[in-house]
Amino acid sequence: MEKMHYAEELVREFLVFRGFTNTLEAYETELRTDVGKGFQVDKILDLIFSLYVPKFQIDKLVALLGFFKHYLSSSFETTLVSTFSKLEASLLRFYVVHALQSNRRDKVVEFFTVHGPDLLQSSQEDWTQWFAIPYVKNPQLDPEFRIFFSKEWYQALHLSVRNFFSEIFNATRLPALLKISSEMNATSLLKRDITQLNIKLSELQALLNEKETQLRQFKSMEGNISSSSNLHEESTHMSKDSPETFPQEVQTEIGQDLVVENDGDVSREEDFDEVNVEHQETFLGHTSPISRCRFSASGNNIASASLDGTARIWTYDASTPASRNATIYCGTEILSLDWECKSDRLLLIGTSDACIKAWNVDAKRVVCDLNTTEAFPSVLDIKCSPVEPIFVSAAASGGSGSNYFDNLGFASLTVWNMKTWKAMFFLLEKIHQQLLLYVSITMGRF
């Protein structure tokens with residue numbers, strides 16, 4: 001249909017260019033009437049079965065059939081013309097049958113009065129007995145006419161008309177003008193496809209650049225972690241050589257778990273038996289190395305954090321509902337995790353950008369965002385109280401100075417109220433970051 005309109009526009013443009021005004025006027029008139037409806041089968045069927053016959057527009061029906069008979073006579077072989085003549089007779093008989101079924105015998109009489117002579121002279125079908133049908137009392141019961149009143153005959157007629165027009169229009173040799181419009185339409189579709197593919201290519205290229213940037217960030221973060229590990233090993237060696245550097249009370253506190261020997265070696269009080277693994281299950285989902293993991297207080301869920309800036313909640317027991325499973329996007333490195341001890345509903349997440357997030361596992365959303373001071377942006381550890389709705393956070397800052405311990409930076413401990421989500425007080429402020437290892441052991445008993 002689009003190529004037909006395009007071809008019509010080309011003809012109109014040519015007639016205007018040549019100044020054929022009379023021809024253009026006649027052309028526009030023909031287009032407005034367009035008896036053949038652009039050779040669209042559905043529109044032709046609608047005209048016949050939904051307009052001309054139901055509205056008793058017999059003159060327009062006869063004109064339409066005459067148009068197609070003339071069209072077929074000039075373009076097709078005799079066999080198709082003969083077939084169309086039989087269809088034409090059936091359509092006219094359908095008009096008569098419909099008028100009788102609608103109790104409009106006057107329309108039947110009018111039809112035979114106006115078009116009867118032409119039917120007797122030119123039609124290949126025998127119409128003699130049909131001239132009596134307006135006067136038959138019950139024509140639907142008459143053996144001569146009964147089949148024409150059946151539903152099966154109407155359906156067969158409708159299908160035959162559709163198939164006939166579809167066949168002749170598909171077999172029609174397209175004029176060169178329509179071929180040009182068809183090629184132009186195909187070119188237009190190809191250009192549109194190329195534009196869409198270019199847009200898709202741009203989106204994929206942007207996504208690729210984003211992934212490459214993330215990959216470089218992850219590699220940089222891995223390098224920072226490796227540097228931090230080397231720094232921790234170096235500080236451990238220094239602590240062995242200089243045990244007097246740390247306060248005596250700190251050594252006393254950790255002495256309950258560790259034994260500090262005279263030569264500086266640290267050893268466990270007792271050895272543990274070999275552990276046999278009876279069950280092992282792998283959880284997939286993180287796209288970078290996992291840096292933290294914690295069991296919930298009930299033991300039903302596991303929280304894990306990755307260098308890709310996401311935390312995930314897992315259900316490892318098949319008998320436990322997986323409705324709490326979730327992925328939490330923090331957008332920066334996660335340094336600490338801890339579960340609320342009592343209700344087992346909240347997961348606290350500490351990040352490297354001075355943020356502490358409280359995630360409600362039932363509501364599956366962040367219910368509170370807390371921020372530490374700008375001086376201590378890295379939330380290295382979080383511990384919830386087992387008896388009260390409070391938790392303590394250990395936050396650190398990167399330091400600068402001339403000696404070794406100044407370069408380690410400083411840290412602070414803050415107690416938070418989980419009802420008001422506000423800081424209650426500072427336990428310690430501005431202590432050496434190196435001491436957080438021992439302070440974290442105390443937090444584990446908090």
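Modeller: Happy to! Let's begin with strand pairing: two strands pair if DSSP finds at least two bridges between them. Helices (H or I, at least four residues) and strands (E, at least two) are DSSP runs, numbered from the N terminus. As an example, Ser336 stands opposite Gly350 in E8. Before we go on, this is a predicted model, where local features need pLDDT of at least 70 and side-chain atom pairs count only at pLDDT 80 or more, while totals for chains, interfaces and linings use all residues. Residues are numbered from 1 along each chain as its sequence is written, and side-chain values use heavy atoms, with hydrogens and water left out.

Biologist: How many bridges join E7 to strand E8?

Modeller: In general, strands of a sheet pair through backbone hydrogen bonds, either parallel or antiparallel. Here, 5 bridges join E7 to E8 (residues 346-351), and the two run antiparallel.

Biologist: What is the order of the strands in the open sheet?

Modeller: The open sheet has 4 strands in the order E7-E8-E9-E10, with antiparallel pairing. Its edge strands, E7 (334-339) and E10 (365-371), each pair on one side only.

Biologist: Now the rings. How many aromatic pairs does a search of the whole structure find?

Modeller: Rings of Phe, Tyr and Trp (its six-membered ring) pair if their centres lie within 6.5 Å; planes under 30 degrees apart count as stacked, over 60 as edge-to-face and the rest as tilted. The search of the whole structure finds 19 aromatic pairs. One of them is Phe111 with Trp127, a tilted pair at 6.4 Å centre to centre with 55° between the planes. Phe111 is in helix H6 (residues 105-122) and Trp127 in the loop between H6 and helix H7 (151-171), 16 residues apart.

Biologist: Which pair is edge-to-face?

Modeller: Trp130 and Phe148 form an edge-to-face pair, 5.0 Å centre to centre with 70° between the planes. Both lie in the loop between H6 and H7, so the pair ties together parts that are 18 residues apart in sequence. Ring pairs also link residues into a cluster, whose members include Phe56, Phe111, Trp127, Trp130 and Phe148.

Biologist: Where does Arg93 lie relative to Trp127?

Modeller: A charge sits over a ring if NZ of Lys or CZ of Arg is within 6 Å of the ring centre and within 35 degrees of the ring normal. Arg93 lies over the face of Trp127, at 4.8 Å from the ring centre. Likewise, Arg104 lies over the face of Phe56, at 5.4 Å.

Biologist: Is Leu91 buried or exposed?

Modeller: Buried means under 20% relative accessible area, exposed over 50%, partly exposed in between (1.4 Å probe, protein chains only). Leu91, in helix H5, has 3% relative accessibility, so Leu91 counts as buried. Contact means heavy atoms within 4.5 Å; not counting residues up to four places away in sequence, Leu91 touches Ile48, Phe49, Leu65, Leu157 and Val161. The C-alpha atoms of Leu91 and Leu157, 66 residues apart along the chain, are separated by 7.9 Å.

Biologist: Which residues touch the most other members of the largest nonpolar core?

Modeller: A nonpolar core is a set of buried Ala, Val, Leu, Ile, Met, Phe, Trp, Tyr and Cys residues joined through side-chain atoms within 4.5 Å. Among the 45 residues of the largest one, Leu61, Phe111, Phe112, Trp130 and Phe165 touch the most other members. The largest share of this core, 12 residues, comes from H5.
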